[in-house]
Amino acid sequence: MGDYNSQVIMSRVIVVFFAPQELCVFFVVILEGVVKIVEYPYDKWYKAIQVRQSWRQYDGRAVDTDLLLDLSRFLESLNNVYNGVRVILVQESPEDVFKGVIGSYGKIAGAPCYAAFIGNMDDPNVQEKTGYVGELFVLEAASKGLGTCWIAGFFRPETVKKHIELESNEKILSVTPVGYVSKELKSWDKRLMSFLARSRKRKLLVELYNGLEQRKWPQWVKEALECARMAPSAVNRQPWRFYIETNAIAVSVGSTLLEGGVSKRLDCGIAMSHIEIGAGAQGRTGSWEYLASPEVARFKVNS
Ligand SMILES: Cc1cc2nc3c(=O)[nH]c(=O)nc-3n(C[C@H](O)[C@H](O)[C@H](O)COP(=O)(O)O)c2cc1C
């Protein structure tokens with residue numbers, strides 16, 4: 001999980017109950033002064049991976065107060081997964097945050113609030129860490145029946161900065177609307193539906209992996225890769241490639257060209273969270289090691 005190092009002796013263990021109605025328990029340890037969640041609700045997030053999709057139209061209803069409280073508590077733990085990466089939930093309408101019609105996607109409208117994904121740019125792994133942490137927020141929101149949509153290029157950071165104070169080395173890498181999804185699609189949205197259906201298409205697994213042949217994959221590898229394939233990415237480019245070993249999956253970017261101004265390592269961080277959840281749902285936990293470009297990171301399961 002994260003950069004959790006099992007060699008380090010745990011100095012303190014705290015048990016945090018932050019969503020008692022879901023019987024959701026997180027164990028948080030303090031390692032070298034950094035608080036980390038070391039047990040994820042894998043099954044809940046595994047289900048969220050199956051239902052999550054990007055939503056751009058919301059019904060304008062305010063998010064239920066208890067749900068907002070749950071999400072805020074969740075963020076208290078999530079924001080300790082990595083030093084220098086944080087997710088801030090802003091309870092303001094994001095209408096001015098998004099730049100009107102976004103490329104070929106259409107307008108983001110009707111969301112009552114939004115979240116900002118912020119990274120410390122001094123960290124060489126800031127993109128993948130932000131993708132990883134941001135996606136855990138997205139999946140937690142999906143598990144609570146809330147829609148989201150990663151927006152990395154087409155938003156106004158200057159508007160977000162009116163709501164959030166940043167440290168000098170911090171940057172807003174992405175934002176997402178948060179709200180109840182609109183069930184009544186307007187005609188504009190209907191026209192977009194065929195585009196969106198196409199945009200949900202995923203590359204075939206055979207195009208994405210190298211290493212151990214498929215018939216030798218343990219079940220956790222199969223699940224982890226299926227989950228990774230379903231991860232969202234900017235313009236659905238799915239830049240990730242996987243190298244498979246019996247006890248590990250390494251993630252790299254297929255091409256290091258910067259396309260559309262959004263780092264592919266951000267997308268890869270999102271896929272990393274899906275890999276870990278897929279493995280976790282099969283009862284396999286492990287740890288990540290960061291690698292030099294064009295590789296991103298390697299997830300090794302505990303024996
Ligand atoms: C880093 C990132 C940036 C994205 N930027 C935008 C965006 O600017 N506008 C938009 O409408 N969708 C954006 N998306 C959503 C993708 O288009 C979407 O994830 C992809 O088409 C797959 O569809 P799905 O999320 O419904 O599975 C972004 C997704 C990611 C991960």
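In strand E7, Phe117 is the bridge partner of Val87. This is a predicted model, and that residue pair is a handy place to start reading it. Strand E4 and strand E7 (residues 113-120) pair in the antiparallel sense, with 6 bridges between them.

Stepping back, E4 and E7 belong to an open sheet of 3 strands, ordered E4-E7-E8, with antiparallel pairing. Its edges are strand E4 (85-90) and strand E8 (170-178), each of which pairs on one side only. On average, neighbouring strands of this sheet are turned by 20° against each other, direction ignored. Helix H3 (residues 126-143) lies across E4, E7 and E8.

Now for another sheet. Here 5 strands form an open sheet in the order E9-E10-E11-E13-E12, and the pairing is mixed. Strand E9 (209-211) and strand E12 (286-290) are the edge strands, each pairing on one side only. Neighbouring strands in this sheet are turned by 20° against each other on average, direction ignored.

Within it, strand E10 (residues 240-245) and strand E11 (residues 248-253) pair in the antiparallel sense over 6 bridges. Which residue in E11 is the bridge partner of Arg241? It is Ser252. Helix H7 (residues 264-281) lies across E10, E11, E12 and strand E13 (295-301).

| Helix | Strand | Angle |
|---|---|---|
| H3 (residues 126-143) | E7 | about 155° |
| H7 (residues 264-281) | E11 | about 165° |

How values were computed. Residues are numbered from 1 along each chain as its sequence is written. This is a predicted model: local features need pLDDT of at least 70, side-chain atom pairs count only at pLDDT 80 or more; totals for chains, interfaces and linings use all residues. Two strands pair if DSSP finds at least two bridges between them. Helices (H or I, at least four residues) and strands (E, at least two) are DSSP runs, numbered from the N terminus. Axes are lines fitted to C-alpha atoms, for helices over the stretch in contact, and angles run from 0 to 180 degrees between N-to-C directions. Two residues are in contact if their C-beta atoms, placed from the backbone, lie within 7 Å.
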